[in-house]
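These are my notebook entries on what I looked up in the structure shown below.

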Amino acid sequence: MRSLFALMLAGYALGAAAAVLRPGGRGGRGLVAAGAVLGGAAGLALALQVLLTGTPFVLEAPAVLSIADGLLFRIDRLGALFLGLVGFLAVPCGLYGAAYSEGYEGRASLRLLGALLNLFLLTMSLVPCAGNVLTFLFMWEGMSLTSYFLVLTETDEPETVLAGGWYLAMTHAGLALALAAFLLMATSSASTTFGDLRAAAPALSPSARNAVFLLALLGFGSKAGIMPLHVWLPRAHPAAPSHVSALMSGVMIKMGVYGLLRVGLDLLGGGPTWWGALLIGLGALSAVIGVLYALMEHDLKRLLAYHSVENIGIIFIGIGAGLMFQSFGLPALATLGMVAGLYHTINHACFKGLLFLGAGSVAHALGTRNMEEMGGLIKRMPRTALFFLVGACAISALPPLNGFASEWLVFQALLGGSAIPQPEVAVVMPLAVAMLALASGLAAACFVKAFGITFLAIPRSARAEQAHEAPRSMQAGMAMLAMACVALGLLPFAVVPILGSTLAGLGRVTPAAIELTRSLPLQVPGASGQMSPPLLALGLVVLLALLPLGLRLLGAERRGRVGDTWGCGRIGQTPRMEYTATAFAEPLRRVFAELYRPTRDLSIDFHPASKYFVQSIAYRSEIHPWIERLLYNWPLRGIRRAAVWVRRLQAGSLHLYLFYLTVAFLVLLTMARWWR
Amino acid sequence: MVAIIGFALGVSQAALALLLAPGLVGLVRWLKARLQNRRGAPVWQPYWELAKLFRKEVVVSSNASWVFRAAPFIVFASTVAVALLVPILLVPLPFDGVGDLLVVVYLLLLGTFFLSLAGLDPGSAFGGMGASRAMTVAALAEPTVALAIFALALSAGSTNLGQIVARTMSGPAAVSPGHLLAFLALFIVTLAETGRLPIDNPATHLELTMIHEAMVLEYSGRYLALIEWAASLKLLIFFSLLSNLFVPWGVAAGLTAGALTLAVASLLVKLVILAAVVAVLETRIAKLRLFRVPELLSVSFVLALLAVTSSFLLR
Amino acid sequence: MDAAFSQLCVLGSSLVLIFGLILLWRRGVTAYISAFMWQSIVLAAVTVVVAHFGKVPELYWVAVCLLLLKGIVIPRLLRRMERRFSPERELEPYVNTATSLVVSGLLVLFGYAVTRPLVALSRLPTRVGMPLAMGLVLVSLFVVISRKKALTQVVGFLMLENGLALLAVLGTYGIPLIVELGVFLDALMGFLVMQIFIYQIHETFESIDVEQLNRLRH
Amino acid sequence: MRLFSKILQVGLATEPLPPTSHEVVRLLHEVDDRARRLFGRALAIREVDAGSCNGCELEITGLTSPVYDSERFGVHFVASPRHADLLLVTGPVTRNMAVPLVKTYEATPAPKLVVAVGDCSRTCGVFKGGYGVAGSVDQFVPVDAFVDGCPPEPAAILRGILAAVGRR
């Protein structure tokens, strides 16, 4: 284990070093990618070892940063799961990046991109390995900073800088809150190692526990992108290079989930019912509103970013249900909910990573992310199209792919709500069921739009006509993730027990409830139904194979002919006659008009001679996320006002600054002596 | 041996559904014709139409890709797969462990998903319009379906179809208010999902009012035949779900000849009753404007919500 | 026996509630009036059921009164009023239809939550219908708040009254007959007063859109 | 309720197809056996107005009415030529409609038939020589049967269609 850990560190370090020393050229990019792949693979192997054997891996370095207990790494199963996730995505994204970063050749940012990518992966891998508060926060901050600079890779665009600003503000606010949560817990504990915190947690007063939970929820929720805290996500993710977006959306936001689980479930050991209910409520809200905004989005990567909000919502619903069942002392159902959430975490990493890589290939080939300029790419980029389709089916929860397996588990967990003795509390569950179903239906609609408009029909612009298939290494990255989507969909009976084992010993979930049957039909204790994805897939494949045979037996005509698209006899077809992405989403925009509050601006220029002849029509419609404005405008205004006030302190005089320092020092001394 | 018999039973049940499905559509059409004081086409007319379509050539748009060619097969296969999972004649179902009600719902969504993609594929505005509307209706119907499943699972303790039917058959109270409300909710969803009035007009010739028709406007020959057959099978599946989940009288619990005959007879009676209800309804009401469809679906949503709450209370 | 009794009660109450929901879904006043009529008839039927199974013969009289007054007389009066004011449709309400349906669904849920302690206390076989009656009360209040036309509001008030009557019948097997009659008379008086108001509003504004009343401020 | 009692009172409105003289229908050639077997029981029609005065359209609409009810013969109208077996063409072919007519014919999957309805479709009628008229229907697409009349009665059109598929 120790050697694997070392190999992981070495791999990432190699990648970073290679990027700094020899960034350009095929070989240089290859070395950077090799570092990421090596590090990722080692991390994955280490994680698998911990997951399967169950023996935690511990590494102490008390000498480093010894003032605050030093660095401590301790990988238990829960941590290993998230470590494995990072490694699992690092490999395809690293491969993909080798060819993708060719676009940055000759620019200064290539060096930064390679180095920061490896450092980002390194720090992100170490977050779930942390064994004490210092290590955790140190790695967390490293992850946040490196990803911030990765977002800024294309600095020349003003939008990117703004996106980076949002991201930096949100992530640091989150860090502060998480720090506060840890400090609150540490008041009564011997040291800041997680073990001591866990031991001291029961002694905390209920209000302190609640405060810790809320602080952690806000802090980690802002990283995860849960509903009111999601604002940075659709801004920052599209701005980053695509393989970085894939990593950010696929795994980095999952670190928020990890943090919440670590604090809420592991360290605090669960809490009152309203914790779970709050998570379910926030999750359901995120799921529905995230997908609704995604539907209106025509920037392919922003669309995917909004879908991350949706999927984080689904994960939170699962985990919230788990916490809620736990508070009622229903271990089997609690495990089911948590496992559903964790399963969706993995699945989302796979398909969202895949979709971001696919979107990146398209953007790479076309030089635009606007869906209205795409179209017809399935003929020009057939492989990318196929991989993207797999991802689209998976995220739309279509059987037998992985999205369905985990959403099925979430549904089953929620259906268990009838076991809750208090109906007025249990009512949360059917409402969440309805919201989840709505979200998944809308997600399917959204991905019909995303795939159909991007890849099908005829090209909508000259750029789309001249598109070319992505290079081999990018294809390889996508292929790996597509296969993972299929495998995770077919093998839930193998995955679920492993996920269940990560929960053993956390909080009040008793290990007895985690023994899951390894039979072919997925039969989870607590779930009120069973299904078998492999048999389902087998059935579908057999039916699909039998169909042409049956048609031949029926004596069906086999001749075919290629003709024009039927257009009521009109002559010639241009891309302008096609259905656009905006038009596709129009019915839903009408239905949810109250939420979108679109502004319309229609101006028609009539012919001077007669108003029956139109010279030009200009139509503009915009959607303003009013919830965001409602929530963020007044704090922003407040901050601005505070900033204006603070500016007065700035005089540029060195003596003044020294004076401030002295005053601060005196205040600190006074506090240290008398404040208790 | 038992497994083989079960397998054969499951397959033959689905095959029966597949064979009956076009007749069901023909029956609704015949009843509607009679209600319009017309003589109407015979009940078996859809069989002739399918036979004819299978013998015609296929014209495919030059813009279309493999998605367009694969979609009819995926739609048909997923619908037949659903037919294998749904109780039509007998319980316990041989394939009960393979999928539950949620699987059924999402398999049907799989078909709609690919059909919508195929609608977009040739680049025709009609297809795009149909796809957009079909996905809108499907997405908005989803919460109702999920809540109705919740209500059923609450009273039966399982989401697996065979078990729900078995539980309802053995239960003391045949009709509880929760069941009634869930039935109404699912009935509205059935109309929406199978493209009947007042959501979609199956007999329309005007492209602008179409949903399902607009999506398949580009299909011809055997592709069209597969899609139409699958659509009629979907209607039969929804009808038998409505009848067997809520009124499981006559569903065979054993393998005796008498029970099976009774099962077939009761299935036919139930299908005829539901077809008559749909035909009368389609004669009585006009198609809704597209933007009032969400209102109808929210009615069904409220009904399903009431079903869940009353099931909660009667538990 | 008891099982059938409570089933019938819940069935009746759900029907009463569904007729209440029609107010939110349909747009024509004619539909509202017939919904109210059918609701009252079902209410009378529920009362008969309670009278029969609960062995409270006075309730038969209540049922007859209900049927006569609310099933026949008031709908007829309403129809006459409607004919007078031209069949103008309900205007776009303050809250759109889909949203108000969802809101009313949530209100019913709230009704369940509120009446839960009551239901838990009661031992009557009719208790399971009480949340639905409470739901109807809340939904009718919502109708009164969110609709614009005076006639719709009148129907909303009448349905509110129906909800209260249902609650009384299910919760206590009917308050004593005399109180019941008093309530009826009250409702009738209220109805007449509202009728007069509506005539007045109509004469002043040539419309019975309640929003017009805003003009009185100026 | 009133609607349904009315339905009951009226009963069946469909009249049997009256025997008519065969002169109104001109078959250009016998339909081959295969097509006859195929279309004998199920026929989907796409109507193409190539520039008629809409007199024929009025009569064609009559086909779907309860009185003539073409559906009893398995004949129904469809919205797309992709679904159609038979094109029902009316009017003289105008310049604007010449290409669309050919395109519609191309869009229809084989085997397919064409029935031209009304005198104009064969002779261009009173529109003959008009500046906007390009010619008769058979100059653009192969026609299997002509139905004469200006406009022909619904019964005659129905006969023409049935004659074209060999079900006289």
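**Entry 1: cis peptide bonds.** I located A:Pro400 in the loop between α15 (382-395) and α16 (402-415) of chain A. Helices (H or I, at least four residues) and strands (E, at least two) are DSSP runs, numbered from the N terminus. The peptide bond that leads from A:Pro399 to A:Pro400 is cis, and its omega is near 0°. I noted that the model is predicted, that local features need pLDDT of at least 70, that side-chain atom pairs count only at pLDDT 80 or more, and that totals for chains, interfaces and linings use all residues. Residues are numbered from 1 along each chain as its sequence is written, while chains are lettered from A and ligands numbered from 1 in the order in which they are written.

I then turned to chain D, where the bond from D:Ala110 to D:Pro111 is also cis, with omega near -10°. D:Pro111 sits in the loop between α4 (95-107) and β6 (113-117) of chain D. I recorded these bonds because most peptide bonds are trans, and most residues other than glycine have a negative phi.

**Entry 2: positive phi.** I looked up A:Ala457 and found a phi near 65°, which is positive although the residue is not glycine. A:Ala457 belongs to the loop between α18 (428-455) and α19 (462-465) of chain A. Is A:Ala457 buried or exposed? A:Ala457 is buried, because 30 other C-beta atoms lie within 10 Å. The term has cut-offs: a residue is buried with 20 or more other C-beta atoms within 10 Å of its own, exposed with 12 or fewer, and partly exposed in between, the C-beta atoms being placed from the backbone.

B:Asn37 has a positive phi near 60° and is likewise a residue other than glycine. I found B:Asn37 in the loop between α1 (2-35) and α2 (45-54) of chain B. B:Asn37 counts as buried because it has 20 C-beta neighbours inside 10 Å.

**Entry 3: chain B against chain A.** I checked the contacts here and found that 69 residues of chain B touch 64 residues of chain A. Contact is called when the C-beta atoms of two residues, placed from the backbone, lie within 7 Å. Which element gives the most to the side of chain B that touches chain A? The answer is α5(B), with 18 residues. By class, this side of chain B has 41 nonpolar, 18 polar and 10 charged residues. Ala, Val, Leu, Ile, Met, Phe, Trp, Tyr, Cys and Pro count as nonpolar, Asp, Glu, Lys and Arg as charged, and the others, Gly among them, as polar.

I also followed a pairing between these chains: strand β3 (residues 560-563) of chain A and β1(B) pair in the parallel sense over 4 bridges. Two strands pair if DSSP finds at least two bridges between them. A:Gly560 stands opposite B:Val58 in β1(B).

**Entry 4: chain D against chain B.** I found 25 residues of chain D in contact with 27 residues of chain B. On the chain D side, α1 (2-10) and α2 (33-39) each supply at least two residues. The most comes from α1(D), with 3 residues. I sorted the residues of this side into 15 nonpolar, 5 polar and 5 charged.

**Entry 5: the sheet of chain D.** I traced an open sheet of 6 strands in the order β1-β8-β6-β4-β2-β3 (chain D), with mixed pairing. Its edge strands are β1 (25-27) and β3 of chain D, each of which pairs on one side only.

How many residues of strand β2 (residues 43-49) of chain D are buried? I noted 6 of its 7 residues as buried, so I call the strand mostly covered. β2(D) runs parallel to strand β3 (residues 75-77) of chain D, joined by 3 bridges, and D:Leu43 stands opposite D:Val75 in β3(D). β2(D) is also parallel to strand β4 (residues 86-90) of chain D, through 5 bridges. In β4(D), D:Leu87 is the bridge partner of D:Arg46, and D:Leu88 is that of D:Glu47.

Last, I looked at the right-handed β-α-β unit made by β2(D), helix α3 (residues 55-63) of chain D and β3(D). Right-handed means that, with the strands pointing away from the viewer, the path from the first strand over the helix to the second runs clockwise.
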